[in-house]
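Hi everyone, thanks for coming. I'd like to walk you through one protein chain today, a few pieces at a time. Have a look at it first, and then we'll get going.

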Amino acid sequence: MSRKTISKSALILSLLLFSGACALALGTTPVTALSSANAEETDKQGLAPQQHDLEKARVVTQLLQSYHYGERGSENDLLVDAANAYLRLLDPGRFFLLKEDVEEFRSRMAATEQEDSQTRLQAAFDLHETYRERVESRVKKALETLDSTPEFEADERFEQDRREAEWASSGDELDRLWAKRIAHDKLTLQLADRDAEQIRENLERRYQNSLERAKEAEHTDITEKYLDAWARAFDPHSSYFSPRRSEEFDMEMSLELEGIGAKLTMDQDMTEIVELIPGGPAERSGELEAGERIIGVADGEDGEMKDVVGWQLHDVVQLIRGPKESTVRLKVMPPSGASNTSPREVKLVRNKIALEDQAAQKRIIEKPFKDGTKRIGVIEIPRFYRDFSGAQAGEGDFRSTARDVQNLLNELEEEGIDGLVIDLRGNSGGALQEAIGVTSLFTGGGVAVQVRHHDGSIDHLGEPEQEPIYAGPLAVMVDRTSASASEILAGAIQDYGRGVVLGAQTFGKGTVQHMIDLNAHGLANHADEGAGRLKLTIAQFYRVSGEGTQLDGITPDIVLPTALDRDDYGERAAENPLPANRIAPLEVSKHYDLSAIIDRLLQKHNQRIEESEAFQAFQRELDYQSELRQETSIALNREAREKEQEKREQALVELHNKRREAHGLEPIESRDEIDQDELPDLQLQLGAETVRDKILVLNEEKEASGALTTILGD
């Protein structure tokens, strides 16, 4: 393949990495101000959208219509999705609005033309005013009935996941729902050893906070929600960033954020941990895990624990953030479906997340072989990192994943390895250049990924052809959280026949986003804080085979167990994901036709796990954890909840002890004693054994080929 077929345009790469801003040309159609009658009526009802809000809505609408990558099924679908997205942002738990409020809002949205952002924004403001009134009424009633919550029978439950629940059709229906919510909240605090006075004070603050946030919302807050909802209607990765959110995004991308090192999201009215950043305080503590929910934050060793249930995400982030080496205390709830439903306190020391802490690392695993021992090298890549400032400054030794991996490969070769495992489990992506660079170390260059843009043009990104740095037996390990750049690397290793992919179906994020500075569209002078930015999906990734990574991600050659369900975690679980599709494949030279040996490798793998009690125990424990994740309702009766919790705890301890027994470890008595570091990384061991199998199979094929050559020569 010639170098001319490979595009490495700096512009394209900057788009993929959000490293620049572009001013896309738009028309300058003036925004029609609200009529005086309309404005007067709005003033009577509450907040009104300002001229600056209307102009931002117009610009965002035009940008999405002109440059978004995806194709909408119909205009009506878009309007429905936008209405639903706004409702999810405004009342995610469906605890305040009534069905009649929702239906009126949906009707108003559906009656507009796609370009009519002014009418839709006004509908969003009107619904917020209704929402504020509902919150005020509901919180007042909740506080009045806080001491008179009825006792519930053993079979009565509270559904924690209300994202798809029906909207209440009457005030009486909301009364019943709130009776259950209050009972659940009180019981949860009781099981955390809070007395009656502490419980009342905690819940009073929690419910009062909901009212204060609704009443204190300004026109910019409502506009932000609407613009974010309108963008999310196009796809889950397009969104509006207010100036404050833009600043937080920049700090996250530059790793300058001093905090706990965790990615957070809103799950209904709670802040959920999505991912622990490698090397961050949260990951290093070993006390937190993805899926857990933060319900309280306190600054310092003895600061007041503030209940953050129902807070906006950026407000929770601001509370968690603080100076380096200062202390933050979190009150954390287990994931929905966990055996334990009581909150606990976790203390962390804030710190910067150093690039070194996310750097690739190596190790060697020794595996028995028919003629001795095979040494299998392992390179773990937690993230595809790149020192952008060093690269832009022309520093010759700036830090990069590809350079680090190449150095580790050289060291492993000097130490003597017979095969290699690249561990991408938990790697959610990062710098595209680095994923392409790492790919070339094993494929010898060539196109690593195809990128199709909103206008239909296609770029082929890769490195010039050369000899691979490492050409030996190779396997790549992935899991459900491996995403984006990780999927590009794993897919290229498959497509070039360079290695076997093991693990679970990957995340399935196959789209490309770009940050557009709205100040570049004549909006900067309307407000001191600026206009914010639009994160816009502009392109899609495709493998050299023509297959997209969108939705389906990478299908492993050999499947390993996972507790994360494909339909509950990944791109398929998101709202309005773009569809999977494919484009024309490229002709590439495969290093080896792995399809010829995959069946033999699978046969050896299946036989091994069938004979391994350790693996069977591991599989049973993961299956039970997956089963618990599906159960999102919880008992409202104390005795029933305690029995349920005890039963789950006992089952988990028994399953974990079976694993310990298989590895020759003493049993534990409670789940609090579980230390995963005590147990070997069974999946990594299976990866190393697969590489050993590959060496064996390739040697057998070479011997058979040599014998055939001898016979034919005779």
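Predicted model: local features only at pLDDT ≥ 70, side-chain atom pairs only at ≥ 80, totals over all residues.

Okay, let's start with helix α9, where Ile222, Thr223, Glu224, Lys225, Tyr226, Leu227, Asp228, Ala229, Trp230 and Ala231 are buried. By buried I mean under 20% relative accessible area, while exposed is over 50% and partly exposed is in between, using a 1.4 Å probe and protein chains only.

Residues are numbered from 1 along each chain as its sequence is written, and side-chain values use heavy atoms, with hydrogens and water left out.

Back to α9. With 10 of its 14 residues buried, α9 is largely enclosed by the rest of the structure. What about its length? Helix α9 covers residues 219-232, and at 1.5 Å a residue those 14 residues should span 20 Å, which agrees with the 20 Å between its end C-alpha atoms. The expected span, by the way, is 1.5 Å times one less than the number of residues.

So who sits beside α9? Helix α3, residues 51-67, packs with α9 at an angle of about 10°, and the axes are 11 Å apart. Those axes are lines fitted to C-alpha atoms, for helices over the stretch in contact, and the angles run from 0 to 180 degrees between N-to-C directions. That is why α3 and α9 are roughly parallel to each other. For the angle words, under 35 degrees is roughly parallel, over 145 is roughly antiparallel, 65 to 115 is roughly perpendicular, and the rest is oblique.

On the α3 side of the contact you'll find Asp53, Lys56, Ala57, Val60, Thr61 and Leu64, and on the α9 side His219, Thr220, Thr223, Tyr226, Leu227, Trp230 and Ala231. Contact here means heavy atoms within 4.5 Å. Sorted by class, the contact of α3 with α9 has seven nonpolar, four polar and two charged residues. The classes go like this: Ala, Val, Leu, Ile, Met, Phe, Trp, Tyr, Cys and Pro are nonpolar, Asp, Glu, Lys and Arg are charged, and the others, Gly among them, are polar.

Next pair. Helix α6 (residues 117-144) packs with helix α8 (residues 196-216) at about 160°, and their axes are 8 Å apart. That makes α6 roughly antiparallel to α8. The residues in this contact divide into eight nonpolar, three polar and five charged. From α6 they include Tyr131 and Val135, and from α8 they include Tyr207 and Leu211.

Asp193 isn't a glycine, yet its phi is positive, about 65°. Is Asp193 buried or exposed? Asp193 is exposed, with a relative accessible area of 68%.

Now set Leu551 beside that. Leu551 has a positive phi too, near 70°, and isn't a glycine either. Its place is the loop between β17 (533-542) and β18 (558-559). Leu551 counts as buried, at 12% relative accessibility.

Gly445 is in the loop between α15 (432-443) and β12 (446-453), and at 7% relative accessibility Gly445 counts as buried. Which residue is 20 places from Gly445 along the chain, with its C-alpha 4.3 Å away? That's Glu465. Leaving out residues up to four places away in sequence, Gly445 touches Ser440, Glu463, Pro464, Glu465 and Tyr496.

Then there's Met109, in helix α5 (residues 99-110), which counts as buried at 1% relative accessibility. Met109 and Arg120 are 11 residues apart in sequence, and their C-alpha atoms are 5.8 Å apart.

To zoom out: the protein chain has 20 helices and 19 strands, and buried residues make up 54% of its 714 residues. Among contacts between residues at least 6 apart in sequence, 76% join residues at least 24 apart. That's my tour, thanks!

Conventions: Helix = DSSP H or I, 4+ residues; strand = E, 2+ residues; numbered from the N terminus.
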